[in-house]
Amino acid sequence: MDKIGFRNMLEGRKVPAEKMESALALAERFELFADQKGGFSTETAWAFSRILINEGQNSEENFIILARYGLFIENNAVYIANLEALDGGEAQENLYKRVAERYGEALREEVFFGIGVAPFGLPTPEKPRYLQPVIERLENALGAESCRVLLADSLRDLPDEYYVKDRELYQSSQDVDEYIVRRKQRFIEDLKACQREGRLFFVQEITDEVLEYVQSNPEMGGGVRSGDIVYETKIPFLTKQYLAEPDPALKRYYYCHCPWAREAVKSGERVAPIFCNCSAGFHKKPWESAFGQKIQVDVLEAVLKGDARCRFAIHLPENVK
C-alpha cells in the first residue's frame, strides 16, 4: 500500500491529524482483505462492509475513507461500492423516527416488526428486503395519500446549505423561465466538466452519447414549463449502460437512482411504487430552496411502476415570478 501517497490525499481532504493513522490502517486492512479475496471488486467491497457492520465499525467516516481509497487507487468499483454504502444510508432510520413522531411508537413497532432498521453501510443488493415490508405495511396502515405525505419531503438528510447555489441562481434570474434555462445550462456544464476532467458524475461515466442524450431531452436537468407546472425527468443513474441495454427490465434497473430499490428492479422483487415519493422529495428540494418555500411535486412516472423513466410534476407557487 502506498501509505505516503494516500496520506497526502487525505491531508488534502483536510482529514484531522488525530484520525490519520486509523484511516491509513483501515485502508491497509481493506487492501489485505482484497488480496485474500482475489483483488479489488464490487463484491470485495461489499464483503468488507459486512465485516465492518459485524464489528460495529460501519460508520459514515469509515465508508468515506474507503471511498476515497477507491479514488486513490483509481478503482471505480471500490469507489462506487462505498459511495453507494453512503448514499441514502440514513433513509430507513429517518423513516423509523418519522413514523414515531407523526403516528406514535405503537405504529412504528408494528410496521418495523421483525425487520428493524438496516445497518448503515448495508450492501445495495440487501436493502430492498429491509425496505419493502415496511413500506407495504405503512401504506396498508395509513392509506396511500397519508403514506405519500409521509414520504413527500424525502427520507434523505438534505441540509439547506447544499442548495445555496439554486437560491442564488433563481434570485439572479428574471423569472422562472430564465431560471429553467440556466439550470439546464449549469447541468450540461457540470457534465462536460466531468467528461473533460475524467471524473464520474456521481457514479457514472459521461460520454459523448450521454451528453447528446441529456442535451436532446429538455426535461432533463432543467425542465419544461406548462402554465404553473414544470415537468422534469431524471437523468438515468447509469446513462451509458441504459442507452446500450436492449432489455426493458434491465433498462429500468440502469435508470433507477434509489439504493433502496434499484436491486429489486433487477431481481424482479417488488418495492411498493409509493416509495418513489421519497425520490420526489429529493427532487423538489432544489426548487424549494430556490423559491424559499414549500411546494408540491407529484410522481408522474417511475420505474418501480414499470415505467421506462422517472418523471415529476413540479407545482409552481402562485407568488413566484
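Reply: Gladly! Let us begin with a term: a residue is buried when its relative accessible area is under 20%, exposed when it is over 50%, and partly exposed in between, using a 1.4 Å probe and protein chains only. Helices (H or I, at least four residues) and strands (E, at least two) are DSSP runs, numbered from the N terminus. This is a predicted model, in which local features need pLDDT of at least 70 and side-chain atom pairs count only at pLDDT 80 or more, while totals for chains, interfaces and linings use all residues. Residues are numbered from 1 along each chain as its sequence is written, and side-chain values use heavy atoms, with hydrogens and water left out.

Me: Which residues of helix α12 are buried?
Reply: Helix α12 covers residues 208-215. In general, an α-helix has 3.6 residues a turn, so residues three or four places apart point the same way. The buried residues of α12 are V210, L211 and V214.

Me: Which exposed residues sit on the face of α12 turned away from its buried side, and what do the buried ones pack against?
Reply: Contact here means heavy atoms within 4.5 Å. The buried residues of α12 pack against α11 (176-197) and α13 (239-244). On the face turned away from them, the exposed residues are D208, E209 and E212.

Me: How many helices and strands does the chain have?
Reply: Under the DSSP definition above, the chain has 16 helices and 4 strands.

Me: Why is the chain described as being as compact as a globular protein of its length?
Reply: The radius of gyration is taken over C-alpha atoms, and the globule rule is 2.2 Å times the number of residues to the power 0.38. For 321 residues that rule gives 20 Å, and the chain comes close to it, so it is as compact as a globular protein of that length. The C-alpha atoms fill a box of roughly 60 × 50 × 45 Å along the principal axes. The radius of gyration of the chain is 21 Å.

Me: What share of the contacts with a separation of 6 or more comes from residues 24 or more positions apart?
Reply: Burial first: of the 321 residues, 50% count as buried. Among contacts with a separation of 6 or more, the share from residues 24 or more positions apart is 62%.

Me: How far apart are the centres of the positive and negative side chains?
Reply: Lys and Arg count as positive and Asp and Glu as negative, while His and the chain ends are not counted. Each charge is placed at NZ of Lys, CZ of Arg, CG of Asp or CD of Glu. There are 42 positive and 52 negative side chains, and the distance between the centres of the two sets is 1 Å.

Me: What is phi of K14, and is K14 buried or exposed?
Reply: K14 sits in the loop between α1 (3-12) and α2 (17-36). At 70% relative accessibility, K14 counts as exposed. Although K14 is not a glycine, its phi is positive, at about 65 degrees.

Me: What is phi of E74 near?
Reply: E74 is in the loop between α4 (60-72) and α5 (76-86). E74 counts as exposed, with 73% relative accessibility. This residue is other than glycine, yet its phi is positive, near 55 degrees.

Me: Which residues does Y79 touch, not counting those up to four places away in sequence?
Reply: Y79 is part of helix α5 and counts as buried at 15% relative accessibility. The C-alpha atoms of Y79 and F63 are separated by 9.6 Å, and these residues are 16 apart along the chain. The residues touched by Y79 are A67, G70, L71, L200 and F202.

Me: And which residues is A272 in contact with, leaving aside neighbours within four places in sequence?
Reply: A272 lies in the loop between α15 (262-267) and α16 (276-291). With a relative accessible area of 1%, A272 is buried. The contacts of A272 are Q132, I135, E139 and L304.
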